[in-house]
Amino acid sequence: MRRYSAFAVAREATRYHQGWERAWASPEPKRSYDAIIVGAGGHGLATAFYLGKNFGITNVAVIEKGWLGGGNTGRNTTIIRSNYLQDPSAALYEKSRSLFETMSQDLNYNVMFSPRGVIMLAQTEHEVRGYKRTAQANALQGVTTEFISPARVKEIVPIINIDGPRYPVLGGLWQARGGTARHDAVAWGYARACSDMGMDIIQQCAVTGVTREDGAVTGVETTRGHIATKKLGIVVAGHSGVLAEMAGFRLPIESVALQALVSEPIKPCMDCVVMANTVHGYMSQSDKGEMVIGGGADGYNNYTQRGSFHHIEETVRALVETFPMISRLKQLRQWGGIVDMTGDRSPILSKTPVEGIFINCGWGTGGFKATPGSGWAFAELMAKGHSPLTDAFGLERFREGRFIDESVAAGVAH
Amino acid sequence: MLILECPCCGVMADETELAPGGEAHLRRHGPGSSDEDFEGYLFLRPNARGVHFERWRHAHGCGKWFLAARDTATMEVFATYSAQTAEPPQHVIDAIRAKRPDWSLVP
Ligand SMILES: Cc1cc2nc3c(=O)[nH]c(=O)nc-3n(C[C@H](O)[C@H](O)[C@H](O)COP(=O)(O)OP(=O)(O)OC[C@H]3O[C@@H](n4cnc5c(N)ncnc54)[C@H](O)[C@@H]3O)c2cc1C
Ligand SMILES: [Zn+2]
């Protein structure tokens with residue numbers, strides 16, 4: 001692999017940019033692999049990357065029915081934070097956030113990680129208490145967050161209206177090292193690194209069945225034939241239920257549509273991420289100047305990647321109250337993704353009833369931030385059979401009543 | 001926008017009038033049941049991509065619960081019907097079969 005660098009840019013500038021190689025190969029599938037990952041979203045690609053990097057397993061295929069990064073990875077609003085409440089979550093999300101800090105260097109690919117800071121607004125007394133508690137929990141977990149006053153909120157975000165008519169700002173939970181990253185670049189960077197290790201990324205190839213023998217996996221049926229493996233990682237977000245059905249088990253997951261939108265681009269006006277969970281909306285500004293806005297998920301099962309328009313209306317209405325200056329902005333685009341919701345709003349990284357099949361799902365509305373950490377931990381689970389970061393996130397927690405309740409931390413879809 | 005006909009009052013209600021209530025026809029397992037059954041009742045869902053039976057409440061209308069058969073991949077509504085039934089009635093199954101000949105009701 002040719003490394004990207006300032007010199008490479010200069011070199012190519014002198015020869016009409018004709019020397020850039022393809023970032024990843026598009027090979028024909030082999031008949032069998034040591035491990036197969038279904039789903040070339042960020043989590044699937046990160047898993048493959050760490051299988052190779054941390055465990056030397058490189059005879060790996062990542063199989064994707066569409067194009068890589070075309071699922072939720074390319075549809076999210078890229079918020080990165082680790083201010084969760086429960087210890088297992090804090091460990092996993094903080095590992096992930098810390099991996100983002102050096103991801104561009106590790107992958108030799110600019111993922112535009114921007115630790116610009118994330119504020120979660122407290123707009124009710126209940127939220128004030130909740131976030132103070134989270135700040136205390138984070139202090140014990142070694143995650144740097146702070147509960148800040150309304151005046152400090154106004155200082156960080158001058159365009160905010162802290163005396164809103166319905167929900168004045170009473171404070172905020174501030175994580176200064178949270179932020180955003182370029183979502184596509186995360187998928188592309190991992191894909192390039194995986195391809196460089198000799199892994200096969202097979203796009204336009206849907207998995208249509210899972211073959212098993214004596215309770216153990218033997219491979220997958222795909223639109224390009226049968227591919228054998230003894231280790232299968234299912235990392236398909238909203239389609240987890242569909243894959244689970246192919247493999248003969250059920251999951252505690254329901255799939256719903258979550259939407260986001262961007263405004264027309266405007267001059268820089270807000271240099272951090274603001275989340276308003278009570279009114280259900282959040283906003284940041286992209287490097288292109290668009291206001292990136294997200295809100296609530298639909299309440300009913302859905303696989304259409306569209307979403308209901310009234311959610312957009314509700315979100316925008318709430319944000320206009322909090323940020324009056326956006327009231328005249330035009331919406332540029334809107335889109336939806338299918339998110340995989342669990343009952344406790346925490347992910348599942350687990351073995352399954354089928355020997356050799358592992359599942360990584362349930363990230364719901366908030367898994368982009370977890371992409372590197374999830375890959376790191378899930379690769380360990382697949383390679384060694386367990387990982388300290390995933391142990392609490394097993395499927396059995398639902399039967400045993402050991403929930404990792406993050407419904408407060410994940411109060412808004414992010 | 002999703003529009004469902006409320007079988008209780010006959011109104012064509014759009015989704016802002018309705019409250020979704022999750023999967024329909026769950027078999028309840030309470031105290032005394034096995035852990036597996038209880039887990040299945042509380043958490044495990046087929047989460048079908050395709051024909052899906054679900055509960056709705058006409059929250060900003062007559063206030064009553066009803067059930068719907070809908071395709072989660074196309075948003076097509078096959079039928080809405082009374083909530084006073086433990087399984088999809090024949091006319092609902094027929095309405096689905098008319099459009100999805102290969103579909104079958106898995107128990
Ligand atoms: C609108 C929106 C906003 C969001 N905002 C945020 C945010 O601000 N911060 C945050 O942390 N998270 C956010 N999320 C959540 C985040 O996007 C996801 O949790 C995360 O991207 C999931 O990554 P993934 O790799 O698991 O899934 P995906 O990127 O969805 O990848 C799964 C892949 O599997 C493929 N696949 C499915 N079925 C098959 C099959 N049968 N065969 C082969 N391949 C298959 C799909 O095509 C897809 O490419 C948001 C999500 C949405 C929809
Ligand atoms: Zn009614």
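## Contacts of ligand 1

A polar contact is a pair of N or O atoms within 3.5 Å. In this predicted model, a polar backbone atom of A:Gly42 meets that cut-off, lying 3.2 Å from an oxygen atom of ligand 1. A backbone N or O atom of A:Gly367 is 2.9 Å from an oxygen atom of the ligand. From A:Thr77 the contact comes through the side chain, where an N or O atom lies 2.7 Å from an oxygen atom of ligand 1. The protein buries 97% of the 1,000 Å² that ligand 1 exposes when taken alone.

## The shell around ligand 1

Ligand 1 is surrounded by 38 residues, and the closest are A:Glu64, A:Asn72, A:Thr73, A:Thr77 and A:Lys369. By type, the shell holds 16 nonpolar, 18 polar and 4 charged residues.

In chain A, at least two shell residues come from each of helix H2 (42-55), strand E13 (253-265) and strand E17 (331-342). E13(A) contributes the most, with 3 residues.

Distant parts of the chain are linked here: B:Cys9 sits in the loop between strand E1 (3-5) and strand E2 (12-14), and B:His58, 49 residues apart from it, in the loop between strand E4 (51-57) and strand E5 (65-71). B:His58 has 1% relative accessibility and therefore counts as buried. B:Cys9, at 37%, counts as partly exposed.

Notes:
Residues numbered from 1 in each chain as written. Chains lettered and ligands numbered in written order. Predicted model: local features only at pLDDT ≥ 70, side-chain atom pairs only at ≥ 80, totals over all residues. Heavy atoms only, no water. Helix = DSSP H or I, 4+ residues; strand = E, 2+ residues; numbered from the N terminus. Buried < 20%, exposed > 50% of the residue type's maximum accessible area, 1.4 Å probe, protein only. Near = heavy atom within 4 Å. Polar contact = N/O pair within 3.5 Å; in protein donor to acceptor, adjacent residues only side chain to side chain. Areas by Shrake-Rupley, 256 points an atom, 1.4 Å probe, with all protein chains shown as cover. Nonpolar A, V, L, I, M, F, W, Y, C, P; charged D, E, K, R; others polar.
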